[in-house]
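Me: I am new to this structure and would like to learn how to read its salt bridges. Could you walk me through them?

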Amino acid sequence: MSLLSRPKNSKGSCYQKITHQSANWDFVGFEAHDLKENEALDWEDESNECCLVILAGIANISIDGQDFNNVGERMSVFDDTNPHALYAPNKSKIKVTALTKLELAIAIAPGFGNFPARHIRPDEMSSEVRGKGSNERFICNILPEQDKADSLLVVEVKTPSGNWSSYPPHKHDSDNIPVETYLEETYYHRINPPQGFTFQRVYTDDLSIDETMAVEDRCVVLVPKGYHPVGVPHGYDSYYLNVMAGPKRQWIFNNDPKHEWMLEQ
């Protein structure tokens with residue numbers, strides 16, 4: 001199976017849908033939706049919690065009758081602001097009504113009903129800069145391990161033109177705490193301007209997986225295991241939304257030892 005999922009044409013709003021079954025793994029699911037103004041989406045999942053990320057636009061959202069109105073602010077993922085997001089436990093009945101044209105991501109992972117629904121506001125999300133020089137990128141921690149959820153970890157990353165990201169290559173595919181955690185991961189990519197592309201390689205130490213992809217706008221890359229760096233060509237900016245989940249809700253990774261030397265410079 002290819003690790004690259006291209007956007008699908010459909011009669012409904014959903015153009016990306018990754019399930020446990022389609023990915024042949026156990027923890028991470030992902031959906032991306034485009035809704036027109038006044039269009040509504042009903043969504044529920046008996047077994048999985050979710051994090052609704054308002055990538056662009058404004059919406060009214062109801063979760064089990066609890067109303068969150070006028071959620072959203074930015075009109076593009078490339079705007080210089082954090083997103084709005086909502087957490088919903090498993091078994092939630094969710095209704096999303098677009099007040100403007102809406103780009104919506106739904107991060108999905110096993111839920112156990114331990115935490116109530118809530119609005120995660122932009123000023124509640126921590127931001128950081130990673131790397132330096134042509135390895136610099138900008139991070140927004142939407143749902144990090146310090147925040148309440150059963151399984152999900154959600155983060156967005158903006159990488160300037162010509163830079164590398166998720167670099168040096170790192171992996172998190174071994175259930176070996178405190179050395180490393182096993183986390184499945186999806187990368188939802190946006191590119192500015194949208195006719196561009198980025199490159200992403202997914203590879204393991206033994207090269208049993210070794211796939212390098214030209215990734216276009218609105219594609220999803222699946223990372224079942226292995227290292228997974230991203231390179232951004234000159235003239236284009238990169239955005240990606242990461243969804244991670246595994247048996248333990250911790251992000252402990254290891255860099256590819258062949259490339260770790262550059263961190264000492």
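Predicted model: local features only at pLDDT ≥ 70, side-chain atom pairs only at ≥ 80, totals over all residues.

Me: What can side chains of opposite charge do when their charged atoms come close?

Reply: In general, such side chains can pair. In this structure, the count comes to 12 salt bridges.

Me: Which side chain does lysine 95 meet in a salt bridge?

Reply: Lysine 95 meets aspartate 42, with 3.4 Å from N to O. Lysine 95 lies in strand β9 (residues 93-98) and aspartate 42 in strand β4 (residues 40-44), so this pair ties together parts that are 53 residues apart in sequence.

Me: Is aspartate 42 buried or exposed?

Reply: Aspartate 42 counts as exposed, because its relative accessibility is 57% and the cut-off for exposed is over 50%.

Me: Where does the salt bridge partner of glutamate 44 lie?

Reply: The partner is lysine 93, and the N to O distance is 3.7 Å. Glutamate 44 lies in strand β4 and lysine 93 in strand β9, so the pair links parts 49 residues apart in sequence. Lysine 93 is exposed, at 52% relative accessibility.

Me: How far apart are the closest N and O atoms of aspartate 210 and arginine 201?

Reply: They are 3.0 Å apart, and the two residues form a salt bridge. Aspartate 210 is partly exposed at 42%, and arginine 201 is partly exposed at 30%.

Methods
Residues numbered from 1 in each chain as written. Heavy atoms only, no water. Salt bridge = Lys/Arg side-chain N within 4 Å of Asp/Glu carboxyl O. Helix = DSSP H or I, 4+ residues; strand = E, 2+ residues; numbered from the N terminus. Buried < 20%, exposed > 50% of the residue type's maximum accessible area, 1.4 Å probe, protein only.
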